[in-house]
Amino acid sequence: MNRASGLSVRFKLTLSYAGFLMLAGVLLLAAVWVFLLRYVPERATLISHDDNTPTNGVFPVRSGLLDVFAPRAVAVLAFLLVFGLLGGWLLAGRMLAPLTQITHATRMATNGSLSHRIRLPGRKDEFRELADAFDTMLARLEAHVAEQQRFAANASHELRTPLAISKTLLDVARTDPTRDPGEIIDRLHAVNTRAIDLTEALLLLSRADQRSFTQEPVDLSLLAEEATETLLPLAEKRGVTIETCGDITPAIGSRALLLQLTTNLVHNAIIHNLPEQGTVWVTTSARPDSAVLTVENTGEKLTPQLAATLTEPFQRGTERTHTDHAGVGLGLAIVKSITHAHDGSLTLTPRPAGGIRITVELPAASAREAHRRCRTT
């Protein structure tokens with residue numbers, strides 16, 4: 001933005017300091033006049049009762065005192081003006097030095113350098129709070145940009161894979177007339193379905209990040225039951241038992257997004273489970289100021305370091321899974337994005353016996369009476 005040049009803040013502060021100092025001097029001299037000189041008489045009248053007593057001495061009058069006081073008062077005001085300008089200039093420069101560092105860091109961030117930090121020394125004051133807040137913002141912005149860059153690179157790779165496979169299948173169909181067209185069509189259908197799923201997941205992730213949804217009261221326990229019923233055939237196919245247990249858990253947010261969050265968690269718990277006789281526990285609970293959804297499962301033992309990376313896009317646990325229900329690697333990334341869009345928190349904790357416990361905590365909608373209900377499927 002182009003602005004007309006004006007006086008610097010340092011110069012304005014200098015003039016303010018000098019002006020206040022001059023005003024204080026004038027008020028002090030006025031107080032001397034009001035409370036001292038005004039009581040000095042204009043003329044001195046000498047009365048002698050004894051002709052033999054001499055009347056020698058000095059008898060000051062107002063005019064004489066003014067002649068002596070006025071030049072010195074002017075000299076004091078001139079000194080205060082010079083002292084105020086010089087001292088104000090130095091003091092303003094010292095006070096605004098942290099602001100100069102913040103401005104320099106802001107310009108570096110504008111030019112694309114997000115790794116620079118101010119790290120302003122000294123005790124806590126307004127400038128230190130501003131510098132610390134700016135450093136925190138730069139750190140979060142740098143992490144966000146790095147995450148977006150990784151996400152763009154991974155998304156490009158994931159989208160390129162089905163396109164490359166489709167191109168290869170089409171080339172085979174064109175160059176090999178003896179190849180069974182039904183097989184090629186089935187493989188093209190599977191590849192196309194995967195590309196569509198990935199695109200829809202990316203759109204859902206973008207929608208959650210932008211918070212473009214309507215807030216409404218939602219019961220997490222009902223969403224848990226709906227997600228469980230939807231994924232029950234998949235659980236039965238893989239020999240996984242699902243146990244749902246919880247309270248009426250009122251929250252506030254988008255029903256569609258929170259249902260997607262719950263479905264992703266249950267789907268992930270079913271897929272990444274034991275080969276047979278696995279178990280998934282889905283629990284909801286209402287706290288005074290929050291609504292909690294917990295999904296945990298049996299499975300392979302995970303390290304805390306690996307669990308911390310599972311919410312990154314296109315991460316699929318200890319190894320990349322290529323099954324008919326493996327998903328596109330955005331399940332927990334979408335869960336994380338939806339949770340943050342609802343001002344909630346997401347916690348991943350490895351279970352000592354194997355598997356993982358995932359806890360989503362959202363702000364509660366209102367205080368309501370809770371009724372416990374459990375079910376095993």
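Which residues does Leu265 touch, not counting residues up to four places away in sequence? Select Leu265 and look around: Leu293, Val295, Leu332, Val335, Ile358 and Val360 are in contact with Leu265 (contact means heavy atoms within 4.5 Å).

Before moving on, note that this is a predicted model, where local features need pLDDT of at least 70 and side-chain atom pairs pLDDT 80 or more, while totals for chains, interfaces and linings use all residues. Residues are numbered from 1 along each chain as its sequence is written, and side-chain values use heavy atoms, leaving out hydrogens and water.

Now zoom out to the protein chain, which holds eight helices and eight strands (DSSP runs, H or I of at least four residues and E of at least two, numbered from the N terminus). Of its 377 residues, 33% are buried (under 20% relative accessible area with a 1.4 Å probe, protein chains only).

Next, select Leu220, Leu265, Ile270, Val280, Val282, Leu293 and Val360, the residues with the most contacts inside the largest nonpolar core, which has 47 residues (buried Ala, Val, Leu, Ile, Met, Phe, Trp, Tyr and Cys joined through side-chain atoms within 4.5 Å). Helix H6, residues 255-271, gives the most to this core, with nine residues. Apart from it lies another core of eight residues, including Leu114 and Ile118.

Finally, show H6 with helix H5, residues 220-237: their axes (lines fitted to C-alpha atoms over the stretch in contact, with angles from 0 to 180 degrees between N-to-C directions) come within 9 Å and cross at roughly 40°. Among the residues making the contact are Leu223 and Leu231 of H5 and Leu258 and Val266 of H6.

Key
Buried means under 20% relative accessible area, exposed over 50%, partly exposed in between (1.4 Å probe, protein chains only).
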